[in-house]
Amino acid sequence: VRSKARQHALYVKGATALDEVGTHYFGVAADILREIHGDPTWLGDFQPLVDAARAEGLVAGLKYKRHGKLRTDWPHLQGVDVADQQRLFSGLWYPEG
């Protein structure tokens, strides 16, 4: 779960396009990173992860616009369909386990 304060700090740092909480806040998303020589990195080929996640019914590799450019967030995985996000954010719905 990512707090509102943490989300805002990541936004200010430029690490996320969302200033408000997203799916992480509700505990239905995770960002996966790689470790190379003990250092975390989000660089590299995440396509095998995306393929495996999608095969399990997860949403992976979200595409979004930031500063007018289309970007892809490959390390992002979530258990909520994009079409259901607004219902989740408004408190009208939560996915069943």
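The model is predicted: local features need pLDDT of at least 70, side-chain atom pairs count only at pLDDT 80 or more, and totals for chains, interfaces and linings use all residues. Residues are numbered from 1 along each chain as its sequence is written, and side-chain values use heavy atoms, without hydrogens and water.

**Largest pocket**

- The largest pocket holds about 830 Å³ of space (a pocket is an open set of points on a 1 Å grid over the protein atoms alone, where a 1.4 Å probe fits, with protein on both sides within 12 Å along at least five of seven lines; the volume is the space filled by probe spheres set on the points).
- Its lining has 32 residues, and Ala15, Thr16, Asp31, Asp73 and His76 are the closest to the centre (lining residues have an atom within 4 Å of a point).
- At least two lining residues come from each of α1 (4–13), β4 (59–66), β5 (69–78) and α3 (85–90) (helices are DSSP runs of H or I with at least four residues, strands runs of E with at least two).
- β5 gives the most, with seven residues.

**Salt bridges**

- There are two salt bridges in the structure (a side-chain nitrogen of Lys or Arg within 4 Å of a carboxyl oxygen of Asp or Glu).
- One joins Asp31 and Arg2, with the closest N and O atoms 3.3 Å apart.
- This pair links distant parts of the chain, 29 residues apart: Asp31 lies in strand β1 (residues 29–31), Arg2 in the segment before α1.
- Arg87 and Asp84 also form a salt bridge, at 3.0 Å from N to O.

- Arg2 is buried, at 15% relative accessible area (buried is under 20%, exposed over 50%, partly exposed in between, with a 1.4 Å probe and protein chains only).
- Asp31 is partly exposed at 31%.
- Arg87 is partly exposed at 38%.
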